[in-house]
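Open the model in your viewer and keep the selection tool at hand. We will go from one stop to the next, picking residues and saying what is there.

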Amino acid sequence: MDYRKNAPLIAAIAIPILMIIFVAVAIYVPGLFKHPTYSFLYAEGYTSGIYEVKNGTIAKVEYDERTQNYYKNREEVKLYLYDVAKDQAREISLEDAAKLSLDTSRIALDGFTIAQGRRTSLFDSNDGRNLFAINGSVSKELNVGIRNYSFTFLGWIK
Amino acid sequence: MEKNELLKAIKYIASQNLVSKDELISAYDEGIAGRKSEKTSFDISKILYFIGGGIIILGIVILIFTNWDKMNDFGKILASLGSAIAAYVLGAILSRYEKIIYAAGQAFFFISAILMPIGFYVTLDIAGLDVDAAGVNAFVSASLVLIYAISYFVYKTYLFNILAIAFSSWFYFSLTSLIAGNNPILDAEKFFEYRTLVLGFSFLFLGYYYSKIDKKVFSNMLYAFGMCGVFITALILGGYKPDQNMFWEIIYPGLVFAAIFISVYLKNKIFLFGGSIFLIAYIIKITSEYFSHGFGWAFSLVIAGLALMGVGYLTYYLHQKYLGSSEL
């Protein structure tokens with residue numbers, strides 16, 4: 001093989017391959033050395049007007065009958081506890097969730113925050129079904145699937 | 001008859017005064033005209049084949065969409081992927097012949113290339129996969145790269161080379177999207193721009209490779225796409241006041257002058273005209289971004305106009321001095 005003659009061809013193929021490797025390294029390598037350490041409570045669906053966290057405890061919002069009628073047709077909201085040690089989420093009842101002590105800060109003490117993935121097409125970008133724990137340039141995809149794209153972070157477990 | 005024998009025969013009949021110089025020249029001209037008319041009719045046939053191919057594609061797409069609800073799954077796959085495979089097979093059969101029929105074969109390969117991705121998507125959609133997902137796109141594009149790369153090595157047709165490059169570019173975008181996996185730390189717009197920039201550089205190198213193996217038209221096509229990829233994204237990456245990116249705004253003129261320098265080095269007009277057009281775009285952008293508020297629009301237009309005249313003269317000067325005799 002004449003390497004001198006084929007050098008531009010080799011460069012043309014190598015440049016996109018290097019970009020692919022660069023993207024993979026930039027996405028996955030920082031996450032190998034830093035891990036989220038706090039579990040958290042979240043809801044699928046919009047909790048506004050249904051649940052509220054007061055003094056670190058979740059509770060159902062009590063409304064008069066008219067307001068309750070306004071909210072009653074909304075999609076059911078489910079509560080989930082994400083366990084960082086097992087990297088999995090499980091559905092929990094309001095009674096169990098009310099026993100947890102929550103920190104509602106967006107950023108946990110270990111520096112991580114929770115963000116929804118993006119669904120990007122050619123023309124727009126929307127919230128995705130997956131969740132990420134993010135700390136600076138570190139991002140770790142969590143083993144969680146958001147069924148209906150709507151996610152509400154409720155608090156870190158103290 | 002060998003060329004030397006032919007020339008010897010011409011010398012002999014000239015020495016015997018059997019044929020005059022004018023008769024020889026007119027015979028030569030007639031021969032050239034005959035070859036040109038044959039070539040012209042061949043080119044027209046090729047154009048008609050490809051226009052016909054485009055109409056066939058349109059017909060099949062309309063057929064699929066208007067009858068989508070009436071067709072069962074097998075019918076949908078047959079109409080899309082089946083048509084693509086049938087067009088490919090027909091192309092392969094016709095490519096065994098020469099010239100005019102060979103060109104018809106190329107048109108059928110072209111039809112197949114347009115229908116093949118549609119066929120893949122319809123089949124995978126029926127199989128229950130999310131066809132918007134990056135993984136599905138990566139699979140479809142990788143399959144098409146494989147099909148057309150193998151086809152190129154079998155048929156040695158440059159149409160397959162173009163298709164392999166186009167589908168490889170798609171594979172590159174979908175694979176990087178798959179790796180990024182909807183990660184929210186990435187700015188989707190910037191991510192797309194940087195990937196396009198990198199692909200543009202890759203096209204420029206590929207164009208240079210094809211210029212070295214004497215595929216000038218192919219090479220110039222890649223140069224044009226590569227320059228658009230690099231310069232349009234570099235201009236967008238520069239942003240606009242107050243969100244401008246100084247790195248790209250400063251480096252951009254350097255890239256443009258590098259392109260103009262390369263045009264002289266390679267004796268290639270695509271680099272010269274492309275560099276000039278993108279320099280004009282940069283001057284207009286910078287003038288409106290930084291000078292339109294301070295000096296006002298009227299004075300800014302005078303500055304931009306003078307700068308454009310300068311670019312025009314530079315382009316003319318370089319073209320006359322270094323590229324006057326080059327083909328492109």
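Helices (H or I, at least four residues) and strands (E, at least two) are here DSSP runs, numbered from the N terminus. With that in mind, select chain A: its elements run α-α-β-β-β-α-β-β-α-β-β-β-β-β from the N terminus on, giving four helices and ten strands. This is a predicted model, in which local features need pLDDT of at least 70 and side-chain atom pairs count only at pLDDT 80 or more, while totals for chains, interfaces and linings use all residues. Residues are numbered from 1 along each chain as its sequence is written, and chains are lettered from A and ligands numbered from 1 in the order in which they are written.

Stay with chain A and colour its open sheet of five strands. The order is β5-β4-β1-β10-β6, with antiparallel pairing (two strands pair if DSSP finds at least two bridges between them). At the edges stand β5 (88-92) and β6 (102-103) of chain A, each with a single partner strand, so one side of each has no neighbour in the sheet. Zoom in on β6(A), which pairs with β10 (residues 151-157) of chain A over two bridges in the antiparallel sense; L102(A) has I157(A) as its bridge partner in β10(A).

Strands β2 (residues 51-54) and β3 (residues 57-60) of chain A run antiparallel and are joined by four bridges. K54(A) finds its bridge partner in T57(A) of β3(A). The hairpin has two residues between the strands. Is N55(A) buried or exposed? A residue is buried if 20 or more other C-beta atoms, placed from the backbone, lie within 10 Å of its own, exposed if 12 or fewer, and partly exposed in between. N55(A) has 7 such neighbours inside 10 Å, so it counts as exposed. Its phi is positive, about 50 degrees, although N55(A) is not a glycine.

For another positive phi, pick D87(A), whose phi is near 50 degrees. D87(A) lies in the loop between β4 (78-83) and β5 of chain A, and counts as partly exposed with 14 C-beta neighbours inside 10 Å.

Now show both chains. Contact is called when two C-beta atoms, placed from the backbone, lie within 7 Å; by that rule, 27 residues of chain A touch 22 residues of chain B. On the chain A side, the largest share, twelve residues, comes from α1(A).

Move on to chain B and select α6 (residues 158-180) and α7 (residues 188-212). These helices pack at an angle of about 145 degrees, with their axes 11 Å apart; axes are lines fitted to C-alpha atoms over the stretch in contact, and angles run from 0 to 180 degrees between N-to-C directions. To see the contact, show S169(B), Y172(B), F173(B), T176(B) and A180(B) of α6(B) with F191(B), R195(B) and L199(B) of α7(B).

Finish at P242(B), in the loop between α8 (216-237) and α9 (246-266) of chain B. A cis peptide bond joins K241(B) to P242(B), with omega about 10 degrees.
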